Structures are given as structure tokens and as C-alpha cells.
Amino acid sequence: MKTHTITSVFNDGYIAEVYDAFRKDPASVDESWRQFFQFAERLGGGSSGIDADKLQIVAHAASLLNSIRAYGHSSVAVDPLGTVPPGAPELTLEYHGLTEDDLRSLPGSALGTADNTVLEAVTRLRGLYCSTIGFEFEHIGTGAEREWFRESIDSGKYHKPLSNEERIEILKRLTQVDTFERFLGRVYQGYKRFSIEGSDALIPMLDECIAESSRAGARDLGIAMAHRGRINVLTHTMGQPYASIFNEFEGKQPAEPDVDSTGDVKYHLGYVNHREIDGNTISLTLVPNPSHLEFVNPVLGGVVRAKQRTEDGGMSETAVVPVCIHGDAAFSGEGIVPETLNLSLLKGFRNGGTIHIIVNNQIGFTTDPSDSRSTRYSSDLAKGFDIPVLRVNGDNPEACIQAIRLAVAYRFKFKKDILIDLVSYRRHGHNETDEPMFTQPELYTKIKSHKTPREVWAGKLASEGVLSSSEAEKLVTDFVALLEVDLAGPRDGSEGKKKGKANGLPAPSPQSDSAAHNTAVAAEKLIDYNDQLLKWPEGLNVNSRLARTLARRKDAMGDAGGIDWGHAESLAFASMLADGVSIRLTGQDVERGTFSHRQAVLHNSQSGEVYIPHKQLVVNGNPLKARFDVYNSPLSEMAVLAYEYGYSVEARDTLVLWEAQYGDFANVAQPIVDQFISSDRAKWSQDSGVVMLLPHGYEGGGPEHSSARLERYLQLCAENNMRVAYPTTPAQYFHILRRQAAVDPRRPLVLMQPKSMLRLPEAASRLGDLTDSKFQPVLDDPTMNAKSKAKVRRLVFCTGKIYYDLLAQRTEDVALIRVEELYPWPKKELEKVVAAYSAVEEYVWAQEEPKNMGSWFYVSHLLAELVGKDATLNYIGRPNRASPSEGYVADHNREQSRIISEVFTLSGTAAGTGSAAKRTKTGVK
């Protein structure tokens, strides 16, 4: 049955249509319309007719009330610098053809309100929607959420004035915020601190957010933000002692720095601590972040999701609350923001709703809003993701507190994101050494003469007799005296007792030999796991072709072998789950695998129902306690990789893997690799074991489907910061995954992954390779014995897929050595291999990537050191190129053939057209 609601667009024709439906069947229209028409009929003298004039007044009055709810935000004076709000014609009586007498003539009950007249209802709603908080929620697609907002706001619950005690506490907090910034500016003149001044209300807002979240059941709250105001958040929100901050300004290192640490500037660092709220403890985490502003947002998402895990395998979205603090220019300008917002409701990434706060300085570095966004508000992007927006004036902390209370209530009720736009200003330039008058003279003339948020609030309290001006000033002088005492400690070499700690990660373990880990698994266990994975519930109709393919995995466990890449991965996952290690795998199409090699999630071909075999494993008669989570991700590399990185930092019991659809696509996530994965330990003493699976190999797929840019990861390697490998067998892949789950200290692992090797018979492994071995950083030529090694004249080093191209053409006087792990460089293993070849005349590094890409620039000096200064070392591969590979298959085939041919063409200079580097006694040319 079709129903009509009173919130629909009002026009006379539509009203007549709905009234006609009402006359025929009152039940066919919404209850609000029934009350409306029944009231109008009473005005007309009975059910036989309606006074048309009265009907129009009632309808247009209802339209006005809806317009106030929908457009009231446009008339709220949210700019502390006094910009007149634009308003909206829909808010005027004239727009609706009404007069005050019209509204005065109708009782409030005509529109379902308790007011004496509709005029009183309009006045009351204007006070709620058009005065101190701007509400944008009518764009939300769910009626229940819109109705919740209307009821919450209309009731005045979130406009309830604060008590005098609460208002004084806000002044004390603003005094701490403002005085601390001014103190730093006076004591450390010329230092960058990216102060909060102008947006001071952020701190009491965070206080209230923490308190309200705790009361709603949260035990943990995580914060992500860029550098603006971070030092104040560190001290006043996170509880880092003032003396500790002063130490950082003094340039002092921690007493016992991590041996791998080079540190970071103070306004990038993280911190952990806790608060007591009404007798309950809530933990606080501020995630470290580089100058890449919003890139930390998805990192926090991963951290929070990992913390929300429960022992029974579920998720407690109430328990942990994420808070993201944004800049106005960054929120509207950086692509990572919509990528992150898009994750908010996806099953593999949702975390029960993030509370977003835009610290709206009304300017970027020096760029005006008119040059940095195409929307009226910096927050408008959020509306595209069904996120409600609350807008407040930074000089009105009472409204800010009311807004945060509403935001927390919404987040906990609907488990969705919500955003507060804190409209404020930036008292100084981009930093304290920058001169903003060069580019924004008008804006900064206003700011220079504008009172600080503390002064504005103190003046208001004084005018209302809550606290005198002298009492407010005493708060300042008392706090300055406290800061002076805390400053003395760092300057005379002492420091007060610390509370909380930076980052809160476990102390790094002593360096261990990762190659020493035994990763073999007993044959009977692997056979049992394999059988279980291939035993599906009755009635699960798997695609017949896929069923036949997977059934071959049973035979592959026999003497004939044939364990391919996907099979080895499946067994590795099963063995780790049995050992109590959880697995999380995400990326585009990872459930099936881009190349159909994984099939971790089976689909019923008739019903579409899914079945995940790894989740049903039983060990010693008991179901698994470890989690197996595999999720297809959206078409986002940057946000998803950042999310998985954050998850891996927190979830030390989980092997976290992210797979690129093609390795080349990881280019899009380069800031996450550069700023977090490769350097987090050095900057922040952070600990991640995230695995990046990057399909790589030259099969004629063109420039964007060949190279995973191996050279970029190798360039980032230093100080044992991560591991980079290019395994050539499924068994090697099996062992390196198991090693990654076991090795400590944890490090990120970058794995070049195969495409053509996925089902290559020559690359297949046997069960014994999984049960009697471990990961080998170097693989000697398996065709060589001691006698044949003495005949080898050319020793060829390579890594990855090109080995099989070479293997098909190999000759007895050439040996092929595979470097399976490139970083850390397996020096000892290579020395042992090289020593066994006594007649070598020439050493060669062969690769299919261009010379300026791939491994050559990384390995050349390491190999030169290995073979000695008197040896000849040549490069064979593609010449220097701007593009990673050929775009035409014929050209690709020619180049591949040339490289293979040159590897097996022995000569004194033996390098051909691709050999641009020859090492002689005089060095590398």
C-alpha cells in the first residue's frame, strides 16, 4: 500500500492528491497527514469539507517548519570573526506565503507540537536550528536517523544550558590551552609548534567526547590528527607532562632511545595514556603521523578495528571509539579522505562509527577556500557518505560541548560516522615563523584584533556574573607559575615523574636470525588440514570447474607432487591457524585471487551462499580459536594498505596481508610505504609485521601489469627496517609466510608474487618440501653436483620468475643461482654458494626489468663485494628505460629472448646490447 508522509515537498497540487487519497482511505496516508487533514476538516466544520484557505496556511506552515530543520544551518553565525551567515530564502515567511498573523492564528497542535501557536513553534525551532549549532541531516538516506535527529533537536535536549560549574571548568581548560601556547611562544621564540590558538575549544570537546564515550561503554578511544594543535592535545588530552614537552623543545632525546630510532619532530609523535571517568578506566591512544596530514585516518581505522576484536571471534564496536581530527583544506582536498570515509560501513573495515572533527581555520597554508574547494562548506564531502554534520562557532564552547554530546549519542546509537565542523581561525601563519599578512592581510587584520577564545568566554562569564574578570586572570597567573616550575626541570637536568608513554608499543626484542626459524610442518598435519579444507558441507554446489580444480589438491599431496602457489598458501594459512596465529587478508578480489589461484571463499552456484573452509578447521577435535578474516576491499590501495598497516601494529597475534590486484597498483599507496611502513620504527619505534603481496613478472602484459617496482622497496631498505623477497617456489612461499608469523622482532614483508608461476609445473612443490625444510634465502642450482660445478664458467645470479625462463635454455657451463630474499642481503649464504664454483670466469646478474629498475642498482655493489675486485661482473637485462616494460607483445618476446640468449652466450665481454655495466679490476663502468 502506498503511503504519503508529511515531510514530502509541499505544493497545492500534491496536497490535493494526498487529501483525495485520505478521503478514499485514511489508512493510505501517513499518520502525520491523517492528523493534518482531520484538524483541517475540524476548521472547516466537519468531515464534509476543508476550508481551503486554512488548509493552505497549515500546509505552508508545515513546510516552513521543515525548511527550518533543513536550512537552519545556513543562518547560524558560526564564524568567530563575524562573517554574516548566508541564510536561505526558504527560512522566510514570504517564501512560504505566510504572515505572523497566519501563524498566530493556528494552534501548535495543528502541526503536532505542544506549543500554544504555530508562531511559537516557529520561534522555538528557529532558536534550536538557527542560533548556535548548524545541523545538516536531511540528506541522510535512512528515515529513522532523520527522525531521531528531529526528535533530539526539537526536544531541546542538546541545547540544555551548561551549569555554572561546567562553564567554569571550560574556562579553566581554555586557560590551560591558551596560556600553554603563549608560554611556549615566549620561551621558545622562532620554534615551530603549529599552535591550536583560535581553535582552543577542541580540547574541551575532546574532554567531553572521552567522558561521554566512557559513559556509553567505551574502554578505549583512539585519536588521529595532523600537526595543528597536536602539542596541546599531547599535553591536555593525552596527559604528556609539560616537562616532557619542554625537553623536546630543548632538543633532548629520550633517556633510553631505541637503537633503531632516528626520531621525529614533536608535533608528529604519538602517545598512550588513560583516564578515570566515573570510576571506569578508558585508555587513550594518539596515533603518530607524518606531515602527510590525513593519511593517518585509515591507519587509526585499522588500529581501532584490531582493538575491537573479542575472544569469541566477534567485534565490540562499542568498546573502542575512533576520533579523527581534520584540517578544513585537507578534508576537502586530499583523496585519502573519501577513500577512508568509504570504508566506514564495509563489513571488513567498519568500526562502529568515527567521530570526525574539522578544525576549520578557514584557510589552507596560504590558500583561500574559494581556491581550494568547489563546495560551500569544507565538510560537504561527508554528505556524500550519509554522514550527518554539526557546525559550531569556535568562540562558543558551550555549543561545542552540546554538539559533541549529540555526536557521541548518534555514534553509539547508529554505529555510524558523524562530523563536527569547528569553525575557528588560525592566530598565526601556517607555523609560528610564517607571515600570513603577505597573502591574507584582510583576514589577519581581523584576527589580530580579535580576542582569544579564552578571553571571549571569560568576558561572557563575567558579564553574566558567573566569574569575575580578576578571578579569570588569577587562573592565568597561577598556571604560568606552574609552567615555570615544570620548565625548570628540563633546564637544570631533572624532570618530574612521567605519566603515559610515547606510542605504547612493546620494547623491541633483540635482533634474531630470521633464517633460523624452523617452519616445517609434519606431513600428517598438512594432510589432515588439506582433507578438511576439501570437505564441504552437503548441499554446497560449488562451480563444477572450480570443484575439479580444487580436487586436484588432494592428489598433489602424494608422491607425484604438484602443490601450486594457491595450494601452498592455503596450507600455510591452515597450519598457522592451527598454531593459534590469526590471519587477516584484504585487497581487491582477494577472496578469489586476481588470477583465480586462491579461492578462499567458495560460492554456492545456486543460492550464492558463501562458505569459508579455513573457518571450519578443527584441531584435536576443537574448533579454531584463531581468526581467519578474508575480505575483498574497495578499489582503494592507499586507504586499505594504511588500514592494514594500522591493524598490524595493534594485532600482534595476527598475520596481516594486503594483496595488490597487480603489483604496479601499489604505486597509488606510495605515501603509506614511505611514511609508515618503511620508516615507522626509525621515527616512532613502531612495530608492524604487515605483508604486501605484489604480483610481479614480465609476461607481455604491458607497462602497468609487469613491474611491482621492486627497486623502490629496495631503495627504502636500511637498518633492518623490513624484508623484501621474491620466492620462486610454492614451498618457499609457504615457509616465508610461516616465518613471518613467528619471527621477532616483527618487520614488514614485501613479497614479489607470481603470475605465470602460479600454476607452472616446473615451479610446483612436493609435500616433502613443506615438511623437511625451511625458507632458504638463496637457492643453489639444483642440477649441479660437485663435479659439474667445477665445469661452470659463468655463474648467473637472478631472482624470481626469470629463473624459469632461463631454466628452459640452460647449458652445463652456466649455473643459475636464485637470490630469494634480497633484504636483508643473504651474504653468508651467497658466500657459501660462490665458494663451491671454482672455475668461474664471469659473474652475471640477470633480470627482466630495465637496468634502472628491478634489483640491479641495489645488488651491483653487494655482488661486487661478494665476488672480489679482480672478478668480472656483468649485467644482462633490459637497458635503462622510462617505462617498466614494452607495450607490444612482439617487442616483449624479442627482449625476453635476447636476455635469455645473452645469459647463455659466453664471451670475454659477454654482455651484448643489454650489458651496460661491466666490472673489471678498475671498478664498475
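Student: What should I know before I start?

Tutor: Residues count from 1 along each chain as its sequence is written. As this is a predicted model, local features need pLDDT of at least 70, side-chain atom pairs count only at pLDDT 80 or more, and totals for chains, interfaces and linings use all residues, while side-chain values use heavy atoms, leaving out hydrogens and water.

Student: How do you know what pLDDT the chain has on average?

Tutor: pLDDT is the predictor's confidence in each residue, from 0 to 100. On that scale the chain's mean is 90, and 91% of its residues reach 70 or more. Over residues 1–10, though, pLDDT is below 50, and the model gives this stretch 31 contacts beyond near neighbours in sequence. Contact here means heavy atoms within 4.5 Å. Residues 908–925 also stay under 50.

Student: Why is strand β18 called largely enclosed?

Tutor: A strand is a DSSP run of E, at least two residues long, and a helix is a run of H or I, at least four long, both numbered from the N terminus. Buried means under 20% relative accessible area, exposed is over 50%, and partly exposed lies in between, using a 1.4 Å probe and protein chains only. In β18 (residues 749–753), 5 of the 5 residues are buried, so the rest of the structure largely encloses it. Leu749, Leu751 and Gln753 are buried on one side, and Val750 and Met752 on the other.

Student: What makes β16 and β18 a pair?

Tutor: Two strands pair if DSSP finds at least two bridges between them. β16 (residues 691–695) and β18 have 5 bridges, in the parallel sense, so they meet that rule. Val691 stands opposite Leu749 there. β17 (residues 723–725) runs parallel to β18 as well, joined by 3 bridges, with Val724 opposite Val750.

Student: Why is the unit of β17, α27 and β18 called right-handed?

Tutor: With the strands pointing away from the viewer, a crossover is right-handed if the path from the first strand over the helix to the second runs clockwise. β17, helix α27 (residues 730–742) and β18 make a β-α-β unit of that right-handed kind.

Student: What makes β1 and β3 edge strands?

Tutor: They belong to an open sheet of 8 strands, in the order β1-β7-β8-β6-β5-β2-β4-β3, with mixed pairing. β1 (133–136) and β3 (271–277) each pair on one side only, making them the edges. Inside that order, β2 (residues 220–224) and β5 (residues 320–327) pair in the parallel sense over 5 bridges, and Gly222 stands opposite Pro322.
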